[in-house]
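Biologist: I would like a close look at a single part of this model, taken slowly and with its surroundings described as you go. Please begin with the chain as a whole and then move to the part itself.

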Amino acid sequence: MIPEHSDTPSQKLLKLEKRLLRQVGQAIADFGMIDEGDTVLVCVSGGKDSLGLLALLQKLQARAPVRFRLIAMNLDQRQPGFPEDVLPRHFAQVGVEYRIVREDTYSIVKEKIPEGKTTCSLCSRLRRGLIYRTARELGANKVALGHHRDDILETFFLNLFFGGRLKAMPPKLRNDDGDLVVIRPLAYCAEEDLARYARGMNFPIIPCSLCGTQENAQRRQVKAMLRAWEREDPRRIASIFTALGHVVPSHLLDRALFDFSALDTEAANTGAAPDEAVGAAPVHFFATPAIRT
């Protein structure tokens, strides 16, 4: 029997969208991602994450008290079978300014990378250069990417297990040339929520298998580990993610981050505990009230 007050599919989708909007708004607020007068180039591959990012940014743009411009960009890498008409049609339907960039990076990757090897590293470098070039041509000062919470966590554990570093994926960074800022507004969003949102919104998803690449074994291993932890206790993933924003350098071993040699003198002069809590972050216009779901 269906509970008397159960939500309809449309109500569930609305609640999900509100949660995602709240999370995106909070990430933008916490890291100062978008400001008055910005032009944001939104990179859309045709996957669930980037299509969701574009939709959520459009909704926030309509309600934000500051003005900023959105330009959707798709890089057509001339992969065999790529449906080049799908994204232009979608962009026109949702009413966003867009640019389609057609560059045959597919052939370059196939030529340089041996058969069976992971092509992601070279492919991402080529894409990055084309994205930055397009941003400059269009006068964009921000580049928005569709990486989400799970991507950040996977990157953290990949660096921890296989790179010997405490390093994740930054929500905001400046490029090497110093003229563009890369932002990840989905930083607080769970991949499963984005997948549900894409299904509910009936986005025109373009399968990522077209390029023939696969995740490397290390990333698959980390992803499987995190999914198992999520099934066992969802609070564990939330706690790990929270920890990324509550770092105590004095309780780690990196001497470049904390001057252990001066600890005795500093403690004598100040008497302060190294891990005292700091004040709450200021409220930003993008932050929206908590919504129960």
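This is a predicted model: local features need pLDDT of at least 70, side-chain atom pairs count only at pLDDT 80 or more; totals for chains, interfaces and linings use all residues.

Modeller: Of the 293 residues in the chain, 40% are buried, and among the contacts between residues at least 6 apart in sequence, 77% join residues at least 24 apart.

Helix 1 covers residues 9-31 and packs with helix 2, residues 48-63, at an angle of about 75 degrees, their axes lying 10 Å apart. An angle from 65 to 115 degrees counts as roughly perpendicular, and helix 1 and helix 2 are therefore roughly perpendicular to each other. On the side of helix 1 the contact is made by Glu-17, Leu-20, Leu-21, Val-24, Gly-25 and Ile-28, while helix 2 brings Leu-56, Leu-57, Lys-59, Leu-60 and Arg-63.

Glu-17 has a relative accessible area of 13%, and because buried means under 20%, Glu-17 counts as buried. Apart from its neighbours within four places in sequence, Glu-17 is in contact with Leu-56 and Lys-59, and also with Tyr-197 and Met-201.

Another residue of helix 1 is Lys-12, which counts as partly exposed at 48% relative accessibility. Lys-12 and Gly-200 are 188 residues apart in sequence, but their C-alpha atoms are 9.2 Å apart in space.

Helix 7 is followed by Asn-202, which lies in the loop between helix 7 and helix 8. With a relative accessible area of 66%, Asn-202 is exposed. Asn-202 also has a positive phi of about 55 degrees although it is not a glycine. Most residues other than glycine have a negative phi. Arg-78 is another residue other than glycine with a positive phi, near 60 degrees; Arg-78 is found in the loop between strand 2 (69-76) and helix 3 (86-94) and is partly exposed, with a relative accessible area of 39%.

Helix 8, in turn, meets helix 9 (residues 234-243), and the axes of the two come within 5 Å and cross at roughly 120 degrees. Helix 8 and helix 9 are therefore oblique to each other. Their contact is made by Leu-226, Trp-229, Glu-230 and Glu-232 of helix 8, together with Pro-234, Arg-236, Ile-237 and Ile-240 of helix 9. By class, the contact of helix 8 with helix 9 has five nonpolar residues, no polar residues and three charged residues.

Returning to helix 1, the loop between helix 1 and strand 1 (39-43) holds Asp-38. Asp-38 is buried, with a relative accessible area of 6%. The side chain of Asp-38 makes a polar contact of 2.8 Å with the side chain of Asn-141, and a polar contact of 2.6 Å joins the side chains of Asp-38 and Lys-142. Leaving out residues up to four places away in sequence, Asp-38 touches Met-33, Arg-67, Phe-68, Arg-69, Asn-141 and Lys-142.

Last comes an annotated stretch. UniProt, in an unreviewed entry, places the short sequence motif "PP-loop motif" at residues 45-50. The end C-alpha atoms of residues 45-50 lie 6 Å apart in the model, and the span is 50% helix and 0% strand.

Definitions and conventions: Residues are numbered from 1 along each chain as its sequence is written. Side-chain values use heavy atoms; hydrogens and water are left out. UniProt positions are given in the numbering used here, feature names are shortened, and annotations may be inferred rather than shown by experiment. Helices (H or I, at least four residues) and strands (E, at least two) are DSSP runs, numbered from the N terminus. Axes are lines fitted to C-alpha atoms, for helices over the stretch in contact, and angles run from 0 to 180 degrees between N-to-C directions. Angles under 35 degrees count as roughly parallel, over 145 as roughly antiparallel, 65 to 115 as roughly perpendicular and the rest as oblique. Contact means heavy atoms within 4.5 Å. Buried means under 20% relative accessible area, exposed over 50%, partly exposed in between (1.4 Å probe, protein chains only). A polar contact is a pair of N or O atoms within 3.5 Å; within protein, one must be able to donate a hydrogen and the other to accept it, and residues adjacent in sequence count only if both atoms are side-chain atoms. Ala, Val, Leu, Ile, Met, Phe, Trp, Tyr, Cys and Pro count as nonpolar, Asp, Glu, Lys and Arg as charged, and the others, Gly among them, as polar.
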